[in-house]
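Colleague: Could you walk me through this model, starting with the charged pairs and then the packing?

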Amino acid sequence: MCRLNPRIDFVFKKLFGTEENKDLLIDFINAFVSEEDKVRDIVIKNPYNEKEFLGDKLSILDIKAQDISGKWFNIEMQMIDQDYYAQRALYYWSRLYVSQLSSGVNYDKLEKTIGINILNFNCLEEGEYHNIYKLLNVTSGSELIRQIEIHFVELEKYDENISNVMDRWVNFLKKAGEYTKDDMPTKLKEIPTIIKAIDALDNMRLSEKEREKFEARLKWLRDEKAAIISAERRGLERGIERGIEQGIEQGIEQGIEQGIEQGIEQGIEQGIKQGVEQGIEKGGEYKTIEIIKNAHKNGLDISMIKNLVGRSEEEIKKVIGT
């Protein structure tokens with residue numbers, strides 16, 4: 001059984017974002033992209049660096065890479081549900097796309113940029129676990145430019161059926177903690193790089209400082225998940241309470257015309273329905289507030305929090321009291 005969870009961003013980057021495991025990254029990317037975008041060789045532009053990781057309080061541990069044809073890739077593993085994640089994905093895609101420009105470089109030199117977002121939560125309304133977005137004409141469906149491509153891989157939607165290489169890698173990410181090299185599905189054993197990934201996780205050694213940082217990151221993820229669940233519950237409860245109060249008031253008014261007892265009953269029923277709707281809405285609001293507070297407590301600056309939750313600087317300052 002793998003000792004480390006590859007869905008933790010720190011482990012994900014240490015596994016896929018190093019020169020010695022470059023073949024894992026190539027096979028992983030090729031599992032999701034089209035035939036024309038298959039990678040033959042790649043240069044990792046921000047390889048995993050222990051010193052940088054230890055020196056950064058809560059950095060974004062994505063993987064930026066460029067293949068030999070010039071295409072750019074940004075791969076990110078995200079454990080915690082976040083509001084506005086689609087906007088965040090587009091923002092980080094655009095940063096990598098624009099970063100190709102330097103003084104004197106023309107727009108025609110901008111290379112295709114592909115974002116691959118691996119999510120441990122549901123983000124989209126789509127039923128499939130893998131969805132690809134491009135810039136298309138809404139009428140004809142024709143592509144405006146081929147440079148933009150953003151993938152969302154929602155692990156919770158994967159049903160554990162294995163029919164292609166993409167399924168195999170997603171299965172590995174979801175269940176690596178349950179597998180050993182000898183005790184894993186035969187279809188995963190057919191992929192040499194997945195065998196190597198299992199070995200790499202089994203043999204991954206953390207320095208004392210890395211271990212401390214890793215444990216702190218795990219604790220932050222657990223706290224964040226707990227805070228989100230708590231915020232959603234409180235939001236739902238408060239919304240229902242407010243909805244019932246409003247329903248009773250409306251019921252009394254209706255009762256004057258229809259008979260007070262019947263009117264109040266109808267009002268309470270309507271109030272509960274309104275309350276649930278308000279609760280869902282308020283739950284999202286409280287969840288965002290909890291994320292801002294926890295991120296601030298863990299040392300993220302306002303600009304990073306702004307990118308994280310998609311709120312204005314003024315709103316964030318109001319929440320953290322600065």
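Modeller: A salt bridge here is a side-chain nitrogen of Lys or Arg within 4 Å of a carboxyl oxygen of Asp or Glu. This is a predicted model, in which local features need pLDDT of at least 70 and side-chain atom pairs count only at pLDDT 80 or more, while totals for chains, interfaces and linings use all residues. Residues are numbered from 1 along each chain as its sequence is written, and side-chain values use heavy atoms, with hydrogens and water left out.

Colleague: OK, how many salt bridges does the structure hold?

Modeller: There are 17 salt bridges. K71 forms one with D37, where the closest N and O atoms are 4.0 Å apart. That pair links distant parts of the chain, since K71 sits in the loop between β2 and β3 and D37 in the loop between α2 and β1, 34 residues apart; helices (H or I, at least four residues) and strands (E, at least two) are DSSP runs, numbered from the N terminus.

Colleague: Is D37 buried or exposed?

Modeller: D37 counts as buried because its relative accessibility is 0%, and K71 is buried too, with a relative accessible area of 8%. Buried means under 20% relative accessible area, exposed over 50%, and partly exposed in between (1.4 Å probe, protein chains only). Salt bridges that share partners join E36, D37, D67, K71, K112, K134, R146 and E149 into one network.

Colleague: And what about D23, which side chain does that one meet?

Modeller: The side chain of D23 meets that of K196 in a salt bridge, at 3.0 Å from N to O. Here D23 lies in helix α2 and K196 in helix α7, so the pair links distant parts of the chain, 173 residues apart. D23 counts as partly exposed because its relative accessibility is 31%, and K196 counts as partly exposed at 30%.

Colleague: Switching to packing: which residues have the most contacts inside the largest nonpolar core?

Modeller: Those are F16 and F172, in a core of 54 residues. A nonpolar core is a set of buried Ala, Val, Leu, Ile, Met, Phe, Trp, Tyr and Cys residues joined through side-chain atoms within 4.5 Å. Among the elements that each supply at least two residues of this core are α1, β3 and α5, and the largest share, six residues, comes from α7.

Colleague: What does F16 touch?

Modeller: Leaving out residues up to four places away in sequence, F16 touches N21, L24, L25, F28, I44, I63, W169 and F172, contact meaning heavy atoms within 4.5 Å. Apart from this core lies another of eleven residues, among them Y85, L119, L124 and F152.

Colleague: How covered is β6?

Modeller: Seven of its seven residues are buried. I148, I150, F152 and E154 lie on one side, with E149, H151 and V153 on the other. E154 also meets K157 in a salt bridge (2.9 Å, N to O), and both E154 and K157 are buried.
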